[in-house]
Amino acid sequence: MSKSYYIKKYSLEFLVVFLGILSSFGIDNYIKNTQKEDEKNTLLDELHLSIKEDIGQLEIVNGALEDCSNSINVLFEHSKKNTLNDSIIAFHISNVSAKAAISFFPQKGVYNQLINTNSFERIEDRQLRRKISDLYEHLEDRKNAADLKFDLFTESFDKALLDKLNYRVKIEELDNSVSINTIIYDYRIPKTLFEDPEFLGYLSNAEKRVFFYKELMKKYASSMNEISSYLESITSNNENE
C-alpha cells in the first residue's frame with residue numbers, strides 16, 4: 001500500500017481519538033457546570049429561606065425596640081406629671097435596660113457558602129448580586145458599629161443605676177432562651193430620681209440610640225424584602241421553564 005494511504009489512515013485515527021478526547025472534555029465540563037449551577041440554585045433557595053426567617057426575627061427586634069421607646073416616653077411623662085407608682089417606674093426602667101440592649105443577628109452561613117463555593121459569581125443578575133452584597137457586607141458593618149456603641153451605652157447605663165435604685169426581676173425561661181418581658185418585685189425607687197440630671201441624660205441618650213437603631217432596622221427590612229421578592233420571582237420563573 002502506498003505511503004499516502006497510511007498517512008490518511010493514521011490521520012483519520014488521530015482525528016477520531018482527538019475528537020473523542022475533546023468531546024470527553026466537553027461532556028465533563030458540561031456536567032461540572034451543571035453541578036455548579038445546581039449548587040448555586042440550591043444555595044439561593046436556602047438563602048431565601050434564611051432571609052424569611054431573619055425577617056421574622058427582625059419583627060421581634062422591632063417589637064422590643066418599640067416597647068423600649070414607649071417606656072422611655074412613659075418615664076419622661078412621669079418626670080413632668082409625677083403620676084406613676086414605684087412598681088410601674090421600676091417596670092419601665094427595667095424595660096429600657098433590657099430592651100435597649102437587644103441586637104439583630106441575621107444568619108450569614110448561606111451567604112458565606114455562596115462566596116466560598118464561587119456560586120455568588122454565577123448569579124447572572126448583577127443587581128441581585130449587589131443587593132445581597134450590600135445586605136451582608138455594608139449593612140452588617142453599620143450594624144456592628146451600632147451594636148458596639150449600644151452595648152457600651154447599656155453597660156454604662158446599668159452601672160449608673162446601681163447607686164440610684166434597685167429592683168429584682170422574675171425572668172421567664174423559654175426554650176433555649178429567656179423572655180425579656182419580666183415581672184418586677186422587691187423594688188426601691190428614690191423620690192429624687194427624676195430630679196437627677198444623669199438619670200434623665202441617660203434616658204434621652206437611650207431614646208436617641210433606640211431611634212437610630214430602628215432606622216437601621218428599616219433599612220434591613222427593606223433590603224431583605226427586596227431580595228426575597230427577587231428570589232421568589234427567580235424560583236417562579238424556574239418552575240415555569
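Predicted model: local features only at pLDDT ≥ 70, side-chain atom pairs only at ≥ 80, totals over all residues.
Me: Okay, and how many aromatic pairs does the structure hold?
Reply: There are nine aromatic pairs. One of them joins F150 and Y213 edge-to-face, with 5.6 Å centre to centre and 65 degrees between the planes.

Me: Where do F150 and Y213 lie?
Reply: F150 belongs to helix α4 and Y213 to helix α5, so their pair ties together parts 63 residues apart in sequence.

Me: Are F150 and Y213 buried or exposed?
Reply: Both are buried. Another edge-to-face pair is F211 with F212, at 5.6 Å centre to centre and 70 degrees between the planes. Here F211 is partly exposed because its relative accessibility is 46%, while F212, at 52%, counts as exposed because the cut-off is over 50%.

Me: New topic: which residues touch the most other members in the largest nonpolar core?
Reply: Those are L47, I132, M217 and Y220, in a core of 52 residues. Helices α1, α2, α3, α4 and α5 each supply at least two residues of this core, and α1 gives the largest share, with 13 residues.

Me: What is I132 in contact with, leaving aside its neighbours within four places in sequence?
Reply: I132 contacts L47, Y111, F120, I123 and I227.

Methods:
Residues numbered from 1 in each chain as written. Heavy atoms only, no water. Core = buried A, V, L, I, M, F, W, Y, C linked by side-chain atoms within 4.5 Å. Buried < 20%, exposed > 50% of the residue type's maximum accessible area, 1.4 Å probe, protein only. Helix = DSSP H or I, 4+ residues; strand = E, 2+ residues; numbered from the N terminus. Contact = heavy atoms within 4.5 Å. Phe/Tyr/Trp six-rings, centres within 6.5 Å; stacked < 30°, edge-to-face > 60°.
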